Amino acid sequence: MILKFTNRHSNKELLHRSCIPLIFEGLNIFIMTHQFQSIVIIEDQDIIRQGVVSMLLTSQLFEEVHSFSTGEDALVQCPYLQPPQIILIDIGLPGIDGLETMKKMQEYWPVSRFLVFTIYEDNDHVFEALK
């Protein structure tokens with residue numbers, strides 16, 4: 001599942017704050033038909049990552065919530081974590097981008113499902129994530 005946000009706000013902080021409920025709503029729709037225990041969130045924007053983590057912890061939808069600000073940080077921890085049912089990832093990460101991070105994570109956790117979100121307006125990034 002891909003959640004795509006467009007940058008119609010000139011104020012990036014306002015855009016980031018408005019994304020948090022939409023990400024949570026998309027996640028709720030995705031998990032309504034499944035039983036999940038753990039999730040990994042990979043997002044470089046602190047306000048978004050902390051907001052989503054806070055909502056998930058409050059909702060008690062997951063027993064385990066792990067979050068990382070970069071793909072590199074997440075990949076370093078892969079061998080030490082149980083495979084999560086869901087990986088919520090931003091495509092536009094600094095360093096190793098979200099697409100490359102997803103490919104490498106699939107080697108560790110082939111059964112995990114990815115929920116991708118982005119503010120890219122370039123559909124090529126979105127279609128690449130679907131592969």
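**View 1. Helix α2 and its span.** The 14 residues of α2 should span 20 Å at 1.5 Å a residue, and its end C-alpha atoms are 20 Å apart, which agrees; the expected span is 1.5 Å times one less than the number of residues. Helices (H or I, at least four residues) are DSSP runs, numbered from the N terminus. This is a predicted model, in which local features need pLDDT of at least 70 and side-chain atom pairs pLDDT 80 or more, while totals for chains, interfaces and linings use all residues. Residues are numbered from 1 along each chain as its sequence is written, and side-chain values use heavy atoms, without hydrogens and water. Just after α2, Gln60 has a positive phi of about 60°.

**View 2. The salt bridge Asp46–Arg49.** A search of the whole structure finds 1 salt bridge (a side-chain nitrogen of Lys or Arg within 4 Å of a carboxyl oxygen of Asp or Glu). Asp46 pairs with Arg49, the closest N and O atoms being 2.6 Å apart. Both residues lie in helix α2 (residues 46-59), 3 residues apart, about one turn of the helix. Asp46 is partly exposed at 42% relative accessibility, whereas Arg49 is buried at 11% (buried is under 20% relative accessible area, exposed over 50%, partly exposed in between; 1.4 Å probe, protein chains only).

**View 3. Surroundings of Arg49.** A polar atom of the Arg49 side chain lies 2.6 Å from the backbone oxygen of Glu43. Leaving aside neighbours within four places in sequence, Arg49 is in contact (heavy atoms within 4.5 Å) with Ile41, Glu43, Asp44, Ser67, Phe68 and Ser69.

**View 4. Buried residues of α2.** These are Ile48, Arg49, Gly51, Val52, Val53 and Leu56.

Technical notes:
Helices (H or I, at least four residues) and strands (E, at least two) are DSSP runs, numbered from the N terminus. A polar contact is a pair of N or O atoms within 3.5 Å; within protein, one must be able to donate a hydrogen and the other to accept it, and residues adjacent in sequence count only if both atoms are side-chain atoms.
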